[in-house]
Amino acid sequence: MTRTKRLFEPLLPGKVKLYACGPTVYGDPHIGNFRSFVSADLLRRWLDYRGYDVTMIVNVTDIDDKTIRDSAKAGEPIKGFTQKYTRSFLRGLDLLNIRRASAYPRATEYIPQMLDFIQQLLDKGAAYVAEDGVYFDIDKNPNYGHLSGMDLKQVQTTERMAKDEYDKENAQDFALWKKSTVEELERNNIEPGLSWDSPWGKGRPGWHIECSVMTRDLLGDTLDIHAGGEDLVFPHHTNEIAQSETLTGKQFVRYWVHIRHLMINGKKMSKSLGNYVSFDEVLARYSADSFRYFYLSTHYRRPLDYTDDAMKSAEGSAKRLENTLDLIDAALKSPDSNLDINQREQKLLNELEKQGTAFEEAMDDDLDSHTALDILHAISGAINEYLTDPPNKGVALRAHILYKKFLNALGLFEKRSGGSDDLTNKLIKTMIEMRNQFRKEKNYAKADEIRNKLVTIGVILADSGSETNWKIEKQKSS
Ligand SMILES: [Zn+2]
């Protein structure tokens, strides 16, 4: 909002109310979406690290233009369709080691609260009823567009916008409630979940109202931090502010955090350009930790380009950091021959203290994960060097604890890979065969259930063509 870096102070001491815009569940989330989710997770982890009591809410948009359109295209009831992609989103979170939020409310669970919210905006004269729905009147909101730096005097606002997404050039009154089309009503008769009764006719909410309603219900009138992708600044976040501040008369968000979108080989990723890279495609080739490292390697507000070279480089760097964990594990199992604290020990302890302070300073400075990773490499190098001679085990253990603490703050190697024996291999193959059978029978719910259950025990399936590969990603190292 101020376009400056400001000192963070929560509304209530020690507590942080954090809201991040979640996915619209009309397809598998792509690697661009996950830059935003990983960055929000990094923010949450750092607040956790600093001892804040964080309540984090991430919404799931399960009713909007796109979910209606694509579920119809797929010939599936919208409820099952959106549930399938909600599961896919949650699976992605687990695979990328994203700490679960306090709740993932869905838009369709909040219809009564939305009706109430819209009625209050109407009562205040900030909205009006049109033939196809209820609209927010942006002319009645003097601060409209401030977040995106738009000058409202320069834009025409006599038009109305029924679509959920539109360009910055088209600042227009936006839909709070959309009356169902004849087509939607017919569909709703067969498979309910598309249209709800309201004082303004049967219909469904616009996209923007859901975040204003859920944040208020779960976090109160004022949020400490609202995060989301930069593409949401306008119209989505702009409209959230207008709705919420008009209703409550209070500041809606104290700090905005916007995450730069991910590029693919220097271009914006889009299905039409044919440069779409799926999440599973990346995970079939690289470990989840390498993938997460790639996201963290660049500050969240800076451009990040997905290329094979960048991924290979991230993989190499991640492996170097993980190798130090292997070295420490081996050292801690070796015989205790060094019982002294000599110059070598003291040198390592001093280095750990110095670099530890630098790590915290980097992360405190607007989550500078790029610098934080550089510092972790310095720590890793110092530990490796120390371990070339028989270590004092007490010192090695202290190094281990500190190193793990920093890795955990970034969400790296929390679940370390482990080997698998013959029986495990056979069991996993059996599970994959069962899943493929369910898929053949088009029982995708059961097929997904098997895949998700395997994820929770650390087995990742990656489909490429008709083949299913698998690997063990995590084995709790505790
Ligand atoms: Zn939102």
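Start with the aromatic cluster: select Phe 34, Phe 37, Phe 89, Tyr 104, Phe 279, Phe 291, Phe 294, Tyr 295 and Tyr 306, which ring pairs link together. Rings of Phe, Tyr and Trp (its six-membered ring) pair if their centres lie within 6.5 Å; planes under 30 degrees apart are stacked, over 60 edge-to-face, and the rest tilted. You're looking at a predicted model, where local features need pLDDT of at least 70, side-chain atom pairs count only at pLDDT 80 or more, and totals for chains, interfaces and linings use all residues. Residues are numbered from 1 along each chain as its sequence is written, and side-chain values use heavy atoms, leaving out hydrogens and water.

Across the whole structure, a search turns up 18 aromatic pairs. Pick Trp 46 and Tyr 49 next: their ring centres are 4.2 Å apart with planes at 10 degrees, so this pair is stacked. Now go back to Phe 294 and Tyr 295, a tilted pair with 5.7 Å between centres and 50 degrees between planes. Phe 294 and Tyr 295 are both buried (under 20% relative accessible area; over 50% is exposed, in between partly exposed, with a 1.4 Å probe and protein chains only).

Last stop, the zinc ion. Show Cys 21 (SG), Cys 211 (SG), His 236 (NE2) and Glu 240 (OE), its protein donors at 2.1 to 2.6 Å. Donors here are N, O and S atoms within 2.8 Å of the metal (3.2 Å for Na, K and Ca); water is not among the atoms, so sites may look incomplete. Zoom in on His 236 and Glu 240, and you'll find both buried.
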